[in-house]
Amino acid sequence: MSEVCLPGTDPISATLPIAAEVVAFVQESPSIFTLRLRLVDPDQRAAYRFVPGQFNMLYLFGVGEVPISIVSDPQDETLIDHTIRAVGRVTDGLAKLREGDQLGLRGPFGRGWPMAEAEGKDVMIVTGGLGCAPVVAVINYVLMRRQHFGQLTIIQGVKHSDELIWRARYDYWNSLPKTQVLIAADHGGTLWPYHHGRVTEVFDQSQGDPANTIAMLCGPEGMLKAASEKLMAMGVIEDQIYLSMERNMQCAIGHCGHCQYGADFVCKDGPVFAYPQVKAFLGMRGI
């Protein structure tokens, strides 16, 4: 069994999928669902560890595999949650799974969010589209360890109002102490209760202290660039901005080259990067 050493934790196997069982299937929207998985082998279940921001490769026999962010809490030692949009052959197949079905899992892979560094600071989460999935684990992590963190600001941007999922969850988060939720849609309907316009237009409403803020961003690359520049203009320190980069990851161990980003590979050197590491490449074609 081939293994690789990755930041935060080691995968049980870097190359061989292990069996995982679907414990629950949750339909979040017409095209988005959550798979709650449990490793079948008790020893593998006990050995599995991850940090927020890492991902697994989910393998469907006879179809293929895809990288999917882990959205559950790392202290949950039995269940591993993945929120998925059905957009292709493999994800369409995963959408047909139900409780009791099995699939293959490799991981966890990659470098996660800097949760230790975030302690004692205000935390700002900025996401675009389904970009919320890679930071759900961060939000849950902070809320379950509330005394270790300052103000939590969750900012979600979508192109169209009907793309927003988890409205009830956002309302719940917004009701919690020291927690603020700001939502924007480029195109909101007549009954849209949140901001109409670009997500960066709500940044100034944040109640956090920019000088003591660590920001974690994920979503389309254009949004990441614009949001990072807005945060720095507000006073957030450049090296306190972290981005989760999206690339076509096929092997997850840096061998195939599909996710190369400059000199780095998103699968093993990321997907989370400090802004100074990638700022020169943001928005650059062919990178």
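This is a predicted model: local features need pLDDT of at least 70, side-chain atom pairs count only at pLDDT 80 or more; totals for chains, interfaces and linings use all residues.
Local features are taken at pLDDT of at least 70 and side-chain atom pairs at pLDDT 80 or more, while totals for chains, interfaces and linings use all residues. Residues are numbered from 1 along each chain as its sequence is written, and side-chain values use heavy atoms, without hydrogens and water.

**Helix α6**

Helices (H or I, at least four residues) and strands (E, at least two) are DSSP runs, numbered from the N terminus. Helix α6 covers residues 221–234, and its end C-alpha atoms are 20 Å apart. This agrees with the 20 Å that its 14 residues should span at 1.5 Å a residue, the expected span being 1.5 Å times one less than the number of residues.

Buried denotes under 20% relative accessible area, exposed over 50%, and partly exposed the range in between (1.4 Å probe, protein chains only). The buried residues of α6 are Glu221, Met223, Leu224, Ala227, Ser228 and Leu231. Viewed down the axis of α6, its buried residues fall within an arc of 145°, so they line one face of the helix; the arc is that of the directions from the helix axis to the C-beta atoms. Gly222 and Ala233, on the other side of α6, are exposed. Just after the helix, glycine 235 adopts a positive phi of about 115°.

| Element | Residues |
|---|---|
| β7 | 122–128 |
| β11 | 213–218 |
| β12 | 241–244 |
| β13 | 260–261 |
| α8 | 275–278 |

**Nonpolar cores**

A nonpolar core is a set of buried Ala, Val, Leu, Ile, Met, Phe, Trp, Tyr and Cys residues joined through side-chain atoms within 4.5 Å. The largest such core has 35 residues, and Leu217 and Leu243 have the most contacts inside it. Among the elements that each supply at least two residues of this core are β3 (55–60), β9 (179–187) and α7 (266–269). The most is given by α6, with four residues. Leaving aside residues up to four places away in sequence, leucine 217 touches, among others, Trp113, Val126, Leu224, Leu231 and Leu243. A second, separate core of 34 residues includes Met115, Ala118, Trp166 and Ile214.

**The sheet**

An open sheet of seven strands runs in the order β10-β9-β8-β7-β11-β12-β15, with mixed pairing. Two strands pair if DSSP finds at least two bridges between them. At the edges, β10 (195–196) and β15 (272–274) each pair on one side only. Strands β11 and β12 pair in the parallel sense over four bridges, and methionine 216 stands opposite tyrosine 242 in β12. From β12, Ile241 and Leu243 point one way and Tyr242 and Ser244 the other, and all are buried.

**Polar contacts**

A polar contact is a pair of N or O atoms within 3.5 Å; within protein, one must be able to donate a hydrogen and the other to accept it, and residues adjacent in sequence count only if both atoms are side-chain atoms. Lysine 121 lies in the loop between α3 (115–118) and β7, and its side chain forms a polar contact of 2.6 Å with that of glutamine 240.

Arginine 89, in helix α2 (residues 89–94), is exposed, with a relative accessible area of 61%. A polar atom of the side chain of arginine 89 lies 3.2 Å from the backbone oxygen of valine 63.

Terms used. Contact means heavy atoms within 4.5 Å.
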